[in-house]
Amino acid sequence: MRWHEQTWEQIRDADKSMPVVVPLGSCEQHGHHLPLWVDTFQVDTVAQAVEKRMSDRIVLVPALWLGSSHHHRDFPGTISLRPSLYSQVIQDVARCIMGAGFERIFFLNGHGGNEVPVSQALSELVAIDDDADGRTLAFASWWSVARDAIGPEHQGMATPRITHACEYETSLILAIRPDLVQQGRAVDTLPALSRAWASSEGGGRIHTFRRFHRLTASGNMGQPTAATAEKGQALLDAIIGEVCAFLEDFAKWPALPALGPR
């Protein structure tokens, strides 16, 4: 069921136990070889495929393309909300969906920069809003939901993890919108920071905070030259399957009554 294709009366009368899925994207640079819309293309493709399989069991909200990408703003083309403002946007979206009576909301994320402000938004919302505290709010990036299914050993990837405009993302866009990929301009890059404790490409025990122009000259990371459309389709199928599996379970999560203080 697509939220934006209903009348207000249909939304009013819908089964409020169905999970509402809110895809979150961005508009930001993705190196020399990929378009600005990568994150939105990816998460929207996944979400629409999930809705097609589960059209009578979930409600899909249109993807929010404007994300929190200020760390990419040194590269032309990026359009972004600062993290604090993005948190407020997420809270207002959640309040509107809760105001329509829905009990379960899942924010499906497609951009790493959204993770902290969305987590902040939902953490604050349930802390200060008793109505939100009584609902079931969930948030995850698609690469977290599908973590086990998209491991390099399963999909024949040359690199160990998703980074930015990398083998994974380039493969996905080759499967989704090959007409927008300038693969001949792809540049493999080494991590700008590689220490025992932390890496600029993730996977370390310590988080560091930098704008992207200090991490890469081209705007991408990893090994996009290893990308193929076949890898992208395999990744896409795995991600869609895992998101569907989660939503099947999410729809059955019980409400949690207050247990205390007593």
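Q: Which helix supplies the largest share of the lining of the largest pocket?
A: In this predicted model, the largest share comes from α4, with three residues. Helices α4 (115-128), α6 (142-145) and α8 each supply at least two residues of that lining.

Q: What makes a residue count as part of the lining of the largest pocket, and which residues are the closest to its centre?
A: A lining residue has an atom within 4 Å of a pocket point, and 43 residues line the largest pocket, the closest to its centre being Gly112, Gly113, Glu115, Gly202 and His207. The volume of this pocket is about 1500 Å³.

Q: How do the residues lining the largest pocket divide by class?
A: There are 20 polar, 15 nonpolar and eight charged residues in this lining; since Gly counts as polar, Gly112, Gly113 and Gly202, which are among the lining residues, belong to the polar class.

Q: Why is α8 called roughly perpendicular to α9?
A: Helix α8 (residues 167-176) and helix α9 (residues 229-250) pack at an angle of about 90°, with their axes 7 Å apart. Angles of 65 to 115 degrees count as roughly perpendicular, and therefore α8 is described as roughly perpendicular to α9.

Q: Which residues make the contact of α8 with α9, and of what classes are they?
A: Among them are Tyr168, Leu172 and Ile176 of α8, together with Leu235, Leu236 and Ile239 of α9. By class, the contact has nine nonpolar, three polar and two charged residues.

Conventions:
Residues numbered from 1 in each chain as written. Predicted model: local features only at pLDDT ≥ 70, side-chain atom pairs only at ≥ 80, totals over all residues. Heavy atoms only, no water. Axes fitted to C-alpha atoms, helices over the stretch in contact; angles between N-to-C directions. Helix = DSSP H or I, 4+ residues; strand = E, 2+ residues; numbered from the N terminus. Parallel < 35°, antiparallel > 145°, perpendicular 65-115°, else oblique. Contact = heavy atoms within 4.5 Å. 1 Å grid on protein atoms, 1.4 Å probe; cavity = no way out; pocket = protein on both sides within 12 Å on 5 of 7 lines; lining within 4 Å. Points joined across faces, edges and corners; volume = space filled by probe spheres on them.
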